[in-house]
Amino acid sequence: MRRLEQYFVNKAIDEEKLLKFGFMIKDGAYCYEKKICDGAFKVIIYLSENLQYSKVIDVLDNEEYVLADISDAGGDFVGRIKDEYEKILMDMVDSCTDPDVFKTKQAKEVIHYVKEKYEDELEFLWKKFPDNAIWRNKNNQKWYGILMKVSKRKLGMESDEISEIIDVRVHQESIAGLIDDQKIFAGYHMNKKHWITILLDGSIEIEKILAFVDDSYRLSCK
């Protein structure tokens, strides 16, 4: 049996997508079965609130095929089972989950707002930086928002606390009056003549942050 918690790190399971993928609801849990290796084995996935696991069953005797979850078990036959098993798990994760990297209340509110108003989803462009994501204007591909997790020290503050931030475009002439180096900073990793960085820690009211997002979107249209 394989515990699946590691497959869902920074992922949110979408129950509607589970059903579309082929899961069935049994006793309050989501269960999935699929045959592999020409029907000789089947993969079972079980997802509940408190437990997520998978296993491979030998159809002939209805016993668990434990070699599928032993890392150093080798050979062509075992390797084929492992490959098909892993592909099903990865397909399930890709098809049934959404990114859940950003945890602060304000980050989640901004993500929801952008999805509802502009119908844009976060794009995670960099495998080496899974805590960075962008929104782009679908009409011209220009970025208008970036969410990141960074150390406050990288923003010039005397703290190593990891914070969630948003970068947005602003009118160049207004930047100097906005930056206070406590809540709003010169654009982190962006052109500081056109972008600012805002802490998503509640120090600025969400309505003001959403107004910045709207302004940034309008500027991206130019």
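At 54% relative accessibility, Asp 160 counts as exposed, where exposed stands for over 50% relative accessible area, buried for under 20%, and partly exposed for the range in between (1.4 Å probe, protein chains only). Elsewhere, salt bridges with shared partners join Arg 2, Asp 69 and Glu 86 into one network.

The model is a predicted one, in which local features need pLDDT of at least 70 and side-chain atom pairs count only at pLDDT 80 or more, while totals for chains, interfaces and linings use all residues. Residues are numbered from 1 along each chain as its sequence is written, and side-chain values use heavy atoms, with hydrogens and water left out.

What is the relative accessible area of Asp 214, and is the residue buried or exposed? Asp 214 is buried, at 10%, whereas Lys 117 is partly exposed, at 45%.

Strand E3 (residues 24-26) pairs with E4 in the antiparallel sense over three bridges; two strands are said to pair if DSSP finds at least two bridges between them. Within this pairing, Met 24 stands opposite Cys 31 in E4. The two strands make a hairpin with two residues between them, and Asp 27 in the turn has a positive phi of about 55°.

E4 also pairs with E5 in the antiparallel sense, this time over seven bridges, and Phe 41 in E5 is the bridge partner of Ile 36. The hairpin of E4 and E5 has four residues between the strands, and Cys 37 there takes a positive phi near 50°.

## Positive phi in two loops

Asp 38 is placed in the loop between strand E4 (29-36) and strand E5 (41-47). Although Asp 38 is not a glycine, its phi is positive, at about 60°, and with a relative accessible area of 74% the residue is exposed.

Glu 119 sits in another loop, between H3 and strand E9 (133-136). Its phi is near 55°, again a positive value in a residue other than glycine, and Glu 119 is exposed, with a relative accessible area of 64%.

## Aromatic rings around Tyr 32

The model holds 12 aromatic pairs, a pair being rings of Phe, Tyr and Trp (its six-membered ring) with centres within 6.5 Å, stacked if the planes are under 30 degrees apart, edge-to-face if over 60, and tilted otherwise. Among them is the tilted pair of Phe 21 and Tyr 32, at 5.0 Å centre to centre and 40° between the planes. This pair links distant parts of the chain, with Phe 21 in helix H1 (residues 15-21) and Tyr 32 in strand E4, 11 residues apart.

At 23% relative accessibility, Phe 21 counts as partly exposed, whereas Tyr 32, at 7%, counts as buried. Tyr 32 also pairs with Phe 23, and because their planes stand at 35°, with ring centres 5.1 Å apart, this pair is tilted as well. Phe 23 is buried, as is Tyr 32. Together, Phe 21, Phe 23 and Tyr 32 form one aromatic cluster.

Notes: Salt bridge = Lys/Arg side-chain N within 4 Å of Asp/Glu carboxyl O.
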